[in-house]
Amino acid sequence: MESLIFYIGVIGNVISVLMFLSPVGTFWRIIKHRSTEDFESLPYVCTLLNSSLWTYYGIIKPGAYLVATVNGFGIVVEIIYLSLFLIYAPVKMRNKTAILAGILDVGVLAAAILAARLALHGEVRIDAIGFICAGLNIIMYGSPLAAMKTVVTTKSVEYMPFFLSFFFFLNGGIWTFYAILTRDYFLGVSSLIFYKSI
């Protein structure tokens, strides 16, 4: 059973890496046009916060190194995406993105880790961070819907990131299976909710 769990986790990591890399085409377009056009930064801000907290969860929970490693990779990728977004966004969008990233990716992350480190210990700390991560996973999985306003107003799916949505779908399925095998309910709840909503 341990080897099955490991292999499913590795498959989950591969799919997660593809999910993190799925917006490369979008960012290549942003660099090429030197503009973020009508793309939204919210999915990348949310994914950075989510990856950061899941990395912390994977570090503090025994045996969750696969969760920590893939989300550590996600942190690096999302920082690159947000940096490019800040470079090429118009001033108004740049300010909005910087404020969101500052509040969510710095403020909320620091508050969650500090509160967990200072006030909680052992399993309670793991459970508290897991609960926060599960909630953020739901937000992250829903964040591509921010592009829906643009899709509806322009009557075009040009700004709806298909590969991101597709890999979110695959990611939700494989991590739900992994969570069932490892009995990690925090990892499973949000993945299952997303997977069932499709």
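Modeller: W54 and Y57 both belong to helix α3, residues 42-60, and stand three residues apart, about one turn of the helix. The model is predicted, so local features need pLDDT of at least 70 and side-chain atom pairs count only at pLDDT 80 or more, whereas totals for chains, interfaces and linings use all residues. Residues are numbered from 1 along each chain as its sequence is written, and side-chain values use heavy atoms, with hydrogens and water left out.

Biologist: How do you know whether W54 and Y57 are buried or exposed?

Modeller: Buried means under 20% relative accessible area, exposed over 50%, and partly exposed in between (1.4 Å probe, protein chains only). W54 has 2% and Y57 has 1%, so both are buried.

Biologist: What places the buried residues of α2 on the same side?

Modeller: In α2, residues 24-33, the buried residues are T26, F27 and I30. They cover an arc of only 95° around the axis, taken from the directions from the helix axis to the C-beta atoms, and therefore lie on the same side of α2. These residues pack against α3 and α4 (65-88), where contact means heavy atoms within 4.5 Å. The face turned away from the buried side carries W28 and K32, which are exposed. F27 also forms one aromatic cluster with Y44 and Y81.

Biologist: Why is the contact of E37 and R29 called a salt bridge?

Modeller: A salt bridge is a side-chain nitrogen of Lys or Arg within 4 Å of a carboxyl oxygen of Asp or Glu. The E37 and R29 side chains meet at 2.6 Å, N to O, and so qualify. E37 is partly exposed at 25%, and R29 is likewise partly exposed at 21%.

Biologist: How many salt bridges does the whole structure hold?

Modeller: The search finds three. Among them, K96 and E40 meet at 3.5 Å, N to O. K96 lies in helix α5 (residues 91-119) and E40 in the loop between α2 and α3, so this pair ties together parts 56 residues apart in sequence. Another joins D184 and K61 at 3.2 Å, N to O. This pair links distant parts of the chain, 123 residues apart: D184 is in the loop between α8 (162-182) and α9 (185-197), and K61 in the loop between α3 and α4.

Biologist: Where does D184 stand on the accessibility scale, and where does K61?

Modeller: D184 has a relative accessible area of 5% and is buried, while K61, at 22%, is partly exposed.

Technical notes
Helix = DSSP H or I, 4+ residues; strand = E, 2+ residues; numbered from the N terminus. Phe/Tyr/Trp six-rings, centres within 6.5 Å; stacked < 30°, edge-to-face > 60°.
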